[in-house]
Amino acid sequence: MKTEAKLFVFIGLFAVTMAVIYGIFTAQSPQGLEPVGLVALILTAGLGIMCGFFFWWTGRKTDLRPDDDPDGDIAAIEGDYGFFSPHSWWPLFLGAACGLVMFGAAVGWWLVILAMPLLVLAVIGWTFEYFKGEDAI
Amino acid sequence: MADVATATTASRSNHGIPAGHGPVTRPNMTAVGTMVWLSSELMFFAGLFAMYFTIRAVAPNLWAERTAELNVPYAAANTLVLVISSVWCQLGVFKAEAGIPSRTGKLLQVGSWGMREWYVLTYIFGSIFVAGQVLEYSEMFSAGISLDSDAYGSMFYLTTGFHGLHVTAGLIAFLLIIGRTFTSKKYTHHQATGAIVTSYYWHFVDVVWIALFATIYLLK
């Protein structure tokens with residue numbers, strides 16, 4: 001995961017550098033220090049460093065992947081990646097319920113109240129679909 | 001196999017590898033995905049922080065007047081509750097990683113607690129935080145600060161409100177994660193993954209609150 005980690009840490013360090021430059025330049029301007037861009041740049045640095053650190057930390061715990069080998073073959077990464085739902089109606093139901101709640105927020109709160117039970121039902125159905133009894137994944 | 005739309009089926013092709021986790025040599029996709037999503041959440045909060053500093057820069061007099069209404073010791077105590085809830089959450093994660101979903105001893109034997117007990121405790125602390133926020137809202141409201149009273153009110157309720165919604169969503173996630181341990185006969189790796197990524201979210205929301213607290217209550 002070293003490549004991924006370096007890539008994201010680079011984004012972070014770039015944003016830190018830009019934040020310092022931005023801060024110094026706007027502080028010298030007649031309007032004074034401009035905080036919005038400064039905050040945005042510092043938190044963009046957070047975005048990069050957060051992901052970069054996590055990738056580095058994950059890479060330390062896992063073995064080298066075929067992706068990490070410059071001479072690796074595509075075929076080397078075949079295998080089981082994890083569990084993917086083969087088919088499910090719940091995401092559609094969940095999306096429709098979320099849509100109805102948002103629609104309600106736009107046209108009238110009474111619709112939100114009517115849509116909420118549907119949203120609750122969809123969330124429960126979706127999260128519990130593969131976690132029932134003996135067949136739990 | 002006709003109804004299988006993805007690269008991997010619901011049945012396991014390799015019995016040595018727990019479903020939902022991939023091979024041990026691969027990073028957990030759910031965890032990586034959650035972290036990437038959380039980094040985009042950071043950008044969402046960046047927008048809120050940017051809003052705070054913009055309004056503060058254009059209305060310094062309003063700030064001087066309105067921040068006097070803030071009850072800093074009360075909010076500090078509430079912050080402490082949220083920070084402690086993160087500690088309980090992490091203790092629950094250790095149990096989830098060890099594959100212990102529920103307590104092995106009596107309820108008062110804290111050392112024997114499983115993921116479920118620690119997450120319930122986290123839930124209780126999180127709900128105290130949300131309840132504390134509601135109480136603070138009512139005090140701010142009676143002081144005449146509301147969402148549409150002035151720019152400070154808009155800023156205060158939008159930043160803390162969006163954070164409060166995130167905490168509430170986290171509480172719902174805890175309920176679902178705890179619920180799964182009851183509906184499944186066995187505690188699987190996939191469930192532990194769910195518990196772990198929920199803790200990532202919880203710690204993230206906690207750190208965001210510390211930043212919001214520092215900005216709204218300490219920096220003013």
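**Exercise 1: a buried asparagine**

Find the side chain that makes a polar contact with the side chain of B:N28, and decide whether B:N28 is buried or exposed.

*Solution.* The partner is B:T193, whose side chain makes a polar contact with that of B:N28 at 3.2 Å. A polar contact here is a pair of N or O atoms within 3.5 Å; within protein, one atom must be able to donate a hydrogen and the other to accept it, and residues adjacent in sequence count only if both atoms are side-chain atoms.

Before going on, some ground rules. This is a predicted model, where local features need pLDDT of at least 70 and side-chain atom pairs count only at pLDDT 80 or more, while totals for chains, interfaces and linings use all residues. Residues are numbered from 1 along each chain as its sequence is written, chains are lettered from A and ligands numbered from 1 in the order in which they are written, and side-chain values use heavy atoms, with hydrogens and water left out.

Helices (H or I, at least four residues) and strands (E, at least two) are DSSP runs, numbered from the N terminus. Finally, B:N28 has a relative accessible area of 13%, so it counts as buried. The scale is: buried under 20% relative accessible area, exposed over 50%, partly exposed in between (1.4 Å probe, protein chains only).

**Exercise 2: the helix at the end of chain B**

Compare the reach of helix α6 (residues 189-219) of chain B with its expected span, and work out how many of its residues are buried.

*Solution.* Start with the chain: B has 6 helices and 0 strands. Now take α6(B), which has 31 residues and reaches 43 Å from its first C-alpha to its last, close to the 45 Å expected at 1.5 Å a residue. That expected span is 1.5 Å times one less than the number of residues. Then burial: 23 of the 31 residues of α6(B) are buried, so the helix is largely enclosed by the rest of the structure. In chain B as a whole, 50% of the 220 residues count as buried. Last, look just past the helix, where B:K220 takes a positive phi of about 55 degrees.

**Exercise 3: salt bridges**

Count the salt bridges over all chains, and trace the network that includes A:R65.

*Solution.* The whole structure holds 5 salt bridges over all chains. To qualify, a side-chain nitrogen of Lys or Arg must lie within 4 Å of a carboxyl oxygen of Asp or Glu.

- A:E4 and A:R65 pair up at 2.9 Å, N to O. This links distant parts of the chain: A:E4 is in helix α1 (residues 2-27) of chain A and A:R65 in the loop between α2 and α3 (90-107) of chain A, 61 residues apart.
- A:R65 also bridges to A:D68 at 3.0 Å, N to O.
- The network links A:E4, A:R65, A:D67 and A:D68.
- For accessibility, A:R65 is buried at 10%, whereas A:E4 is partly exposed at 27% and A:D68 is partly exposed at 22%.

Over in chain B, B:D150 and B:R66 form a salt bridge at 2.6 Å, N to O. They too join distant parts of the chain, 84 residues apart: B:D150 is in the loop between α4 (115-142) and α5 (151-183) of chain B, and B:R66 is in helix α2 (residues 60-66) of chain B. Both B:D150 and B:R66 are buried.
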